[in-house]
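This report examines how side chains pair and pack in one protein model. Please look at the sequence and the structure before reading on.

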Amino acid sequence: FQVTKFHDHLSTWAKHSSFMLEILDKHAQAGTSVDVQDIFLRFTLDSIGEILFGVSIDSLHQKEVPFAKAFDYVQ
């Protein structure tokens, strides 16, 4: 892991963070509670999955993601 290599993936970080912020904004506008830990986990899975493994887990766009549940359990 080198900082210079992560700079190459700023567009990936931006794409996933933008959608994460949309989710948080919707909850803020509606005044509903949200599990922030779950949202941040999904953001991390989506970003790192795409950057390191070239796989789109797309967990921020889904309600239930078996991989995210398994990853959380293992941690």
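Is Glu50 buried, exposed or partly exposed? Glu50 has a relative accessible area of 23% and is therefore partly exposed; buried means under 20% relative accessible area, exposed over 50%, and partly exposed in between, with a 1.4 Å probe and protein chains only.

## Basis of the model

The model is predicted: local features need pLDDT of at least 70, side-chain atom pairs count only at pLDDT 80 or more, and totals for chains, interfaces and linings use all residues. Residues are numbered from 1 along each chain as its sequence is written, and side-chain values use heavy atoms, with hydrogens and water left out.

## Salt bridges

Side chains of opposite charge can pair when their charged atoms come close. A salt bridge is a side-chain nitrogen of Lys or Arg within 4 Å of a carboxyl oxygen of Asp or Glu. The structure contains three salt bridges. In one of them, Glu50 meets Lys15 at 3.0 Å, N to O. This pair links distant parts of the chain, since Glu50 is in helix H3 and Lys15 is in helix H2, 35 residues apart. Helices (H or I, at least four residues) are DSSP runs, numbered from the N terminus. Lys15 has a relative accessible area of 46%, so this residue is partly exposed.

Asp38 also forms a salt bridge, its partner being Arg42, and the closest N and O atoms are 3.0 Å apart. Both residues lie in helix H3, four residues apart, which is about one turn of the helix. Asp38 is partly exposed because its relative accessibility is 27%, whereas Arg42 is buried, with a relative accessible area of 9%. The side chains of Glu64 and Lys69 form a salt bridge at 3.3 Å, N to O, and both of these residues are exposed.

## The aromatic pair

A pair of aromatic rings is described by the distance of the centres and the angle of the planes. Rings of Phe, Tyr and Trp (its six-membered ring) pair if their centres lie within 6.5 Å; planes under 30 degrees apart count as stacked, over 60 as edge-to-face and the rest as tilted.

There is one aromatic pair in the structure. The ring centres of Trp13 and Phe43 are 6.2 Å apart and the planes stand at 45 degrees, so the pair is tilted. Because Trp13 lies in helix H2 (residues 10-30) and Phe43 in helix H3 (residues 36-53), the pair ties together parts that are 30 residues apart in sequence. Trp13 is partly exposed at 23% relative accessibility, while Phe43 is buried at 15%.

## Helix H2 and its buried face

Helix H2 has 21 residues and reaches 30 Å from its first C-alpha to its last, close to the 30 Å expected at 1.5 Å a residue; the expected span is 1.5 Å times one less than the number of residues. Which residues of H2 are buried? They are Thr12, His16, Met20 and Ile23. Seen down the axis of H2, these buried residues fall within an arc of 50 degrees, so they line one face of the helix; the arc is that of the directions from the helix axis to the C-beta atoms. The face turned away from the buried side carries the exposed residues Ser11, Leu21, Ala28 and Gln29.

Helix H3 is included in what covers the buried residues of H2. Thr12, at 11% relative accessibility, counts as buried. Not counting residues up to four places away in sequence, Thr12 touches Ser47, Glu50 and Ile51, where contact means heavy atoms within 4.5 Å. Just after H2, Gly31 takes a positive phi of about 75 degrees.

Notes:
Helices (H or I, at least four residues) and strands (E, at least two) are DSSP runs, numbered from the N terminus.
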